[in-house]
Each structure stands twice: as C-alpha cells, then as structure tokens.
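Here is a friendly walk through one protein chain, meant to be read with the model open beside you. Take a moment to turn it around before reading on.

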Amino acid sequence: MRIAVLLSASLHPTSGQPALSRTEAQAVALALSLGGEVVGFHAGPSLDAPRAALGHGLPRLVHLRTLESSDPVPALSEALSEFRADLVLAGPRSVGGDETGLVPYRLAEALGWSILADVLNLRADADGFDLACALPKGERLRLRETSPLVATIHPSAPPPRPYAFAQERRGAIDVRDGVASEAASERPTERAMRQRAKVKPGAAGGSAADRLRAATETASAKGGQLLVDPDPETAARALLAHLRAIGAVPGGRSAL
C-alpha cells in the first residue's frame, strides 16, 4: 500500500516562524501505523515547515518546487498520479497562511477520488479502509471506503510521534520541478436575496404549558368590538363584517 501525506507551508501561531502543523504530524503518525510506503508531498518554494515531518518519522519527502503564487493542486495531482497512491492524508487546513482548507477537496476532484473529512482513526485491509470520523457533540461515524481515498485528519486523532533532529537529518528529500500554474482568483458568487420565513420566538422560561401556549397562541386581534349579550341580528352583522374584513367572504351589500 502506498500512502501520501500532504504537507503545507504553515506558520507557528505565536512566533510566526515556519512550523509543521500538528494535524499534519498526526497524519504522518497515522500513515506510519498503517504500514506500507509512506511519502510526504509539498508544493511550494521552500521546505522550511514541511522538513520537520522527517523528524516525526516520515522517511521520504518530495518537494515540488513552484512559485509562491502558483496553484499547488496541478503539481500535486500530477505527482500523486505518478506515485499511484492508495491513500492521501492531509490536515484540515494550513496554519498562519491562507487557511482556505480547499486543497484536499480540489485535489480529490482533480484525481476523481472520494474524500472524507475529520478522520479520527483508520484501519486498512485488502478490500479497503474502515474509518471513524468525528461528529458534533463527541459522536463518531464509522464508515467503510475503498481505495483510492483522500482523508483529512481531525485534531482529536492520535497524537504525533516525538520529534528527533537526528531522524530529520536521516530523512530523504527528493526535489522536483512542479507544474507551473497560476492560482485561480476565486470570485464571490452573487445570488438574489430570498426572504426567510419569520419564526415566532418561543418562551424562554415558565412551565411546559406556558411554553406550549406561547408557541401555539395567535396574536390578539386589533380594532375589534366587544358585544355583550347582543341580539341575533346585531351578532350576525358583526360576524359578517369581520369575515369581509379578513377576506373570508366576498364584499357586497348585506342581505340582513
């Protein structure tokens, strides 16, 4: 099995210096636990941040040299097609940079592969992968997918392996020229405004009966008149006038 780990040019959130993203270090640890051939891929002008992945156990790193303004997806898709990866692991987004989080999704679209987000754990066998993904409120979603697959790692995944400088020095770096492609400018999508349905606010406190009454009762009528023990003709005229006012019956001269 061949596993590729995508590495970004992240910055430390406090110092602003190049630093490996924690979720990408977790992706390296998860890839190494699966076995097989594990290779890191980075498309960009330098290896200041991705190089630290070698110190966390990554045996080999492929540097696709591109300009800072270049789109990394074409270079990565070409290199991964040549590598014939069965699984691609990545962090949800870079840190301290553009932080769009779109590269794994655009890469999966370019390769025609499936993608899963917020993966916590992964187990591989001959038929595919058994995955556990994070859901809100601590819930877990268990899935089974076939290869090839792109997966982004959740911060609650198993921690990364300890860093060792000597291990970073022993790691292999393969430098190549990546595909030059200018980053496409993303223009905002304009849509016509749609009127949203007005939701009546419910009662925040009180008993269950009070909250039910507040949610179901209608607003009190305005401009009405109170009739106390009227005669039948007066009551009929008042009812007919009210029905005409609300449009329940057509207007016209009353027969009463």
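This is a predicted model: local features need pLDDT of at least 70, side-chain atom pairs count only at pLDDT 80 or more; totals for chains, interfaces and linings use all residues.

## Finding your way around

The chain contains seven helices and nine strands. It has 256 residues, of which 33% count as buried. If you look at contacts between residues at least 6 apart in sequence, 64% of them join residues at least 24 apart.

In what order do the nine strands lie in the open sheet? Reading across, the order is 7-6-5-8-4-1-2-3-9, and the pairing is mixed. Strand 7 (140-145) and strand 9 (172-177) are at the edges with a single partner strand each, so one side of each has no neighbour in the sheet. On average, neighbouring strands are turned by 35° against each other, direction ignored.

Strands 5 and 6 form a hairpin with four residues between them, and Gly 128 in the turn has a positive phi of about 155°.

Elsewhere in the sheet, strand 2 (residues 37-44) pairs with strand 3 (residues 60-65) in the parallel sense over five bridges. Gly 44 stands opposite Arg 65 in strand 3.

## Helices on the sheet

Helix 1 packs on the sheet, where it touches strands 1, 2, 4, 5 and 8. Its direction makes about 175° with that of strand 1. Helix 3 also packs on the sheet, touching strands 1, 2, 3, 4 and 9, and its direction makes about 155° with that of strand 2.

Helix 3 (residues 72-83) also packs against helix 4 (residues 103-111), at an angle of about 50° and with the axes 10 Å apart. That angle makes helix 3 oblique to helix 4. The crossing is right-handed. On the helix 3 side, Pro 72, Val 73, Leu 76, Ser 77, Leu 80 and Ser 81 meet a set in helix 4 made up of Val 103, Arg 106, Leu 107, Ala 110 and Leu 111.

## Two nonpolar cores

Which residues have the most contacts inside the largest nonpolar core? They are Leu 58, Leu 87, Leu 89, Val 119 and Leu 122, in a core of 29 residues. Several elements supply at least two residues each, among them strand 1 (2-6), helix 1 (22-34), strand 5 (114-124) and strand 8 (149-153). Helix 1 gives the most, with seven residues.

Apart from its neighbours within four places in sequence, Leu 58 is in contact with Leu 7, Val 28, Leu 32, Val 38, Val 39, Gly 40 and Ala 53. A second, separate core has 20 residues, including Ala 4, Phe 41, Ala 43 and Ala 79.

## A link across the sequence

Arg 22 belongs to helix 1. Arg 22 and Pro 159 are 137 residues apart in sequence, but their C-alpha atoms are 8.4 Å apart in space. Not counting residues up to four places away in sequence, Arg 22 touches Pro 159 and Pro 160.

## Backbone details to check

Most residues other than glycine have a negative phi, and most peptide bonds are trans. Against that background, a few spots deserve a look. Ser 147 and Pro 148 are joined by a cis peptide bond, with omega about 0°.

Asp 118 has a positive phi, near 60°, and lies in strand 5. Is Asp 118 exposed or partly exposed? Its relative accessible area is 31%, so Asp 118 is partly exposed. Asp 229 has a positive phi too, near 50°, and sits in the loop between helix 6 (208-216) and helix 7 (232-245). With a relative accessible area of 72%, Asp 229 counts as exposed.

Notes
Residues are numbered from 1 along each chain as its sequence is written. Side-chain values use heavy atoms; hydrogens and water are left out. A nonpolar core is a set of buried Ala, Val, Leu, Ile, Met, Phe, Trp, Tyr and Cys residues joined through side-chain atoms within 4.5 Å. Buried means under 20% relative accessible area, exposed over 50%, partly exposed in between (1.4 Å probe, protein chains only). Contact means heavy atoms within 4.5 Å. Two strands pair if DSSP finds at least two bridges between them. Axes are lines fitted to C-alpha atoms, for helices over the stretch in contact, and angles run from 0 to 180 degrees between N-to-C directions. Angles under 35 degrees count as roughly parallel, over 145 as roughly antiparallel, 65 to 115 as roughly perpendicular and the rest as oblique. A crossing is left-handed if the near helix is turned anticlockwise from the far one by less than a right angle, and right-handed if clockwise.
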